[in-house]
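Here's a quick briefing to read with the structure open. Take a look first, then come back for the notes.

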Amino acid sequence: MQTDRRDFLKLSMAGAAALSTMSAGATLSGCTSSGPASGMKLLRPEDVELLRALTPAVMKGKIAPGDTAGIDQTLQSFDTLMVDLSEPVVAGVRQAFDVLSFGLTRGLTTGQWSAWSKASLEDAESALARLRDSSIGLLNAIYAAVTRLIISAWYLIPENAATTGYPGPPKKVAGVVPAVAPAEEATP
Amino acid sequence: MTDLSTITFGSNTDPYNKAAERGWDITDASQLTSSLELEADVVIVGTGAGGGTAAETLSKAGLSVILLEAGPLKTSSQFDMQERAAYRDLYQEGTGRGTKDGGMVILQGRSVGGSTTVNWTTSFRTPPETLKFWGEHMGVSGCSGEEMAPYFAHMEERLNIHKWPQAPNNNNAMLQRGAEQLGYPWATIHRNVRGCLNLGYCGLGCPVDAKQSMLVTTIPGALDNKAKLVHRARVVRILREGDVVKGVEAEALTPDVRGTTGQKIRVRATRTILAGGAINTPAVLLRSDAPDPHGRIGKRTFLHPATLTMAIYEELIDPYYGAPQSIYSDHFQWQNIHTGPIGFKLEVPPLQPAFAAGFYGAAGEQITDSMDKLNHTQCMVALMRDGFHEESQGGAVEINDKGQPALDYPINGYLLDGVRRAYNAMLEMQFATGAKSARPAHKQAKHYMSWKEAKAAVAELDVAAHKATIGSAHVMGGCPMGDDPKQSVANCDGKFHQLDNLYIMDGSLFPTSIGANPQLSIYGLVYKLSTTLLAQFHA
């Protein structure tokens, strides 16, 4: 059992190393563009294409594949979220995007051999499940990062947060004395 | 709870509104148009639990103190209880900080007040078991429970730390009920609050300054004592002449603290205190090429790795409202201090929506259906006590070629065994209190309908790094204190072993994790260390 596990870990590490190499290759060979997509501060055109395909799968029940407005709003929120992260985190997210966007690694890791723009909802769901269930930790980590960011981007929009039954925070009004009696003083 | 969104209140509690009137010396480094040269008796790097406490103690005695903070000065006038702005402005890397391989998310504060500006106010003295272990196994002297007691008592008084007198919110009440159902001990948490409105937004910056964070206590205290605060100033390295430390060099950050402006801040000081927290303090030492003959700097960094379970109840829980943490149970914490499976403390986290959505590791209807019932959701968290057992060596802080820190913390089988046991402990408590369904924070899990089903499912789950959601809000260690320089980075006065006039006063001094939320452990220890340092000035 111990030996099996060690061998398995070695395989995982080898797989992870191969993927990082391929991801670096994708960037170096110019398969990914450097500038942001139109209307975006950090998301690149290929990131937008990927996220357009994945967002309806990640947010199923909230965003239908044809819901362009819902997808656009989530992508704008995602782009703002990227700006709010740090440079090392953004670099890591971009590496994850590169693995998922570059043809060879995209196909090997997600089973999506054609471009993301041609992916159906079922294709996107199957891609996410492959990343999630993979025995390679790096792919689980990519799944976690991409889904968590899409989900955060969506729930960071206050009207979306309200769908959880959350009525929102109290309102602050400039210069007004607290309207509620300090709780501790009220209860001995 | 009532719907708090209908409540309005003012923002007239902000002490920084009277900064000019009180003669406070505050510099926003992002606005500097030339480099700045400063001198002081003491320069303190960081304004969190350690830096704030040291600043007040030393300035009160008449020493000139300069505080440097990489984050921005954000105060209650700006705290609007919205998640996006809080995560952007008040947390390291916009809450995107994680361990090197992405296996754990790390929540740490990054504004004036450090993590105390965003923590959930939970206050524990360092547990006696931990202090005893340090004395017996980690070469720590002078820190027994008896020796520490007066320092904890002083800081409890200073920060109004007291047992929370109100009823727990429903999220915490379920932990209490679960413990009662299963015969586990539980207790009420002590909190550092004064005039708390029981709103639940401690993690987004207290909007009414009820939380007695460093932002509204020791830092205003130090400013009243003529200390100088420079924010948006990131310390790059310590300045040395031979084996003597002469101060620090910092770079001014842009207003959004994501970039540099090119201006430098150089502070020359008789004593230099590092208090940037357990990732940034070792990082400053590593960037400075500080002598490290035994390879200890940044090693044995601990996180209280935490995992969660979420349950849905028939009744309303409203887990985003009310004092975030008021009940805990140590039933699984101290069975074997360092010889058995990893122990864990049970608490609950507050569930503001975007924050909570990150726990599940799920996508599609698994996440959107769960989140639709957030107002009926209760969440348990288990904080694992790392650093005591030989199989729990923690992580290592490293810097990359740009000097940016990363924490390499491998998740091993010892820790993962704790994750699985914690899932079981928490799920059983949730079903025992009438949960309709519950699930662990694991990417391949789902909501289970009974304890029997959950127990069987957890036994089959692939509890592996990257599949289980594991996170941390407590970074500790990396510059442990101890009498033996081979095993530690600083001595038990906080003095860096290898250089003179350099001190460490933050949670990086801890030789293991604490086994409890660490803020009061930092306050008490740093109050002791800064009082000792003061005696040197007077000697």
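How many residues of chain B are in contact with chain A? It's 54 residues of chain B, in contact with 51 residues of chain A; "in contact" means C-beta atoms, placed from the backbone, within 7 Å. Bear in mind that this is a predicted model: local features need pLDDT of at least 70, side-chain atom pairs count only at pLDDT 80 or more, and totals for chains, interfaces and linings use all residues. Residues are numbered from 1 along each chain as its sequence is written, with chains lettered from A and ligands numbered from 1 in the order in which they are written.

**Where chain B touches chain A**
- β1 (8-9), α2 (83-90), α8 (353-357) and α9 (365-372) of chain B each put in at least two residues; helices (H or I, at least four residues) and strands (E, at least two) are DSSP runs, numbered from the N terminus.
- α9(B) gives the most, with 6 residues.

**A strand pairing across the chains**
- β1 of chain A (residues 171-172) pairs with β1(B) in the parallel sense over 2 bridges; pairing takes at least two DSSP bridges between the strands.
- B:Phe9 is the bridge partner of A:Lys172.

**Helix α1 of chain B**
- 11 of the 12 residues of α1(B) are buried, so the helix is largely enclosed by the rest of the structure; buried means 20 or more other C-beta atoms, placed from the backbone, within 10 Å of the residue's own.
- The buried residues include B:Gly50, B:Glu56 and B:Leu58.
- Their cover includes β3 (36-45), α6 (218-224) and α12 (519-538) of chain B.
- Just after α1(B), B:Gly62 has a positive phi of about 100 degrees.

Key
Contact = placed C-beta atoms within 7 Å.
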